[in-house]
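The following exercises concern a predicted model. Please examine the sequence and the structure before reading each solution.

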Amino acid sequence: MMDYGTLLQILDSTLRLATPLLFACIAGLYSERSGVFDIGLEGKMLVAAMCAGAVAFYSGSAWVGALAGIAGSLVFAAIHGVTSITFRGNQLIAGVALNFLASGLTVLTAQYLFGQGGRTPPLEGAARFNPIDLPLADALKDVPIIGSFYHEVISGHSILVYLAFGLVALTWWVLYRTRFGLRLRAVGENPA
């Protein structure tokens with residue numbers, strides 16, 4: 001039987017490790033709702049991770065690295081969009097091609113820049129997003145069950161974890177409560 005402390009560690013890891021996937025899922029949701037089947041999300045994640053890691057390492061800023069990751073992913077999204085929409089290419093084949101391109105390009109670029117077998121070096125200090133302790137996390141940590149849950153699972157994540165879960169609510173609001181969302185869903189239902 002699993003003890004409560006182990007359960008808290010698993011939940012904490014789940015939130016932290018699910019964050020990149022949650023960002024990709026939100027991007028895929030917007031893409032799918034607009035009528036573009038984006039099988040190339042994995043490639044965009046690879047490019048974003050490599051760009052973010054490399055730029056954060058050289059700039060010493062996690063925020064500059066995050067912007068570089070977004071820019072790298074946008075370049076691949078533009079390639080996929082031009083291929084699929086402008087040239088009317090098959091969306092699945094274009095996405096698979098982007099995945100192959102990203103898997104090779106990121107390894108070669110990282111190997112060239114860092115010489116560590118295609119990996120970026122570990123980031124330290126301001127080059128990485130540090131954990132944020134939420135209010136009252138330390139004060140409530142000794143409260144049975146709820147206090148340790150708040151201290152161990154809810155508090156102590158980077159800003160990206162909180163941003164990802166906030167974007168889930170914002171995405172629902174944008175898709176179902178705004179004109180943009182209505183138009184996006186309409187285009188996805190009838191691309192013509």
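**Exercise 1.** Which residue caps the N-terminal end of helix 4? Then describe the span of this helix and what follows it.

*Solution.* Begin at the N-terminal end: the cap is asparagine 90, with a side-chain oxygen 2.8 Å from the backbone nitrogen of leucine 92. Next, take the span: helix 4 comprises 24 residues, 91–114, and its first and last C-alpha atoms are 34 Å apart, close to the 34 Å expected. Finally, glycine 115 follows helix 4 and has a positive phi, near 60°.

**Exercise 2.** Determine which residues of helix 4 are buried and what covers them.

*Solution.* The buried residues of helix 4 are Ala94, Gly95, Leu98, Asn99, Ala102, Thr106, Ala110 and Phe114. Their cover includes helix 2 (41–59) and helix 3 (62–86). The largest nonpolar core has ten residues, among them Leu98, Ala102, Ala110 and Phe114. Helix 2, helix 3 and helix 4 are the elements that each give two or more residues to this core.

**Exercise 3.** Classify the aromatic pair of phenylalanine 57 and tyrosine 58, and state the exposure of each residue.

*Solution.* The ring centres lie 5.3 Å apart and the planes are at 75°. Because an angle over 60 degrees counts as edge-to-face, the pair is edge-to-face. Phenylalanine 57, at 36% relative accessible area, is partly exposed, whereas tyrosine 58, at 53%, is exposed. Phe57 and Tyr58 form one aromatic cluster with Phe114.

Note on methods: Residues are numbered from 1 along each chain as its sequence is written. This is a predicted model: local features need pLDDT of at least 70, side-chain atom pairs count only at pLDDT 80 or more; totals for chains, interfaces and linings use all residues. Side-chain values use heavy atoms; hydrogens and water are left out. Helices (H or I, at least four residues) and strands (E, at least two) are DSSP runs, numbered from the N terminus. The expected span of a helix is 1.5 Å times one less than its number of residues. Buried means under 20% relative accessible area, exposed over 50%, partly exposed in between (1.4 Å probe, protein chains only). Contact means heavy atoms within 4.5 Å. A polar contact is a pair of N or O atoms within 3.5 Å; within protein, one must be able to donate a hydrogen and the other to accept it, and residues adjacent in sequence count only if both atoms are side-chain atoms. A nonpolar core is a set of buried Ala, Val, Leu, Ile, Met, Phe, Trp, Tyr and Cys residues joined through side-chain atoms within 4.5 Å. Rings of Phe, Tyr and Trp (its six-membered ring) pair if their centres lie within 6.5 Å; planes under 30 degrees apart count as stacked, over 60 as edge-to-face and the rest as tilted.
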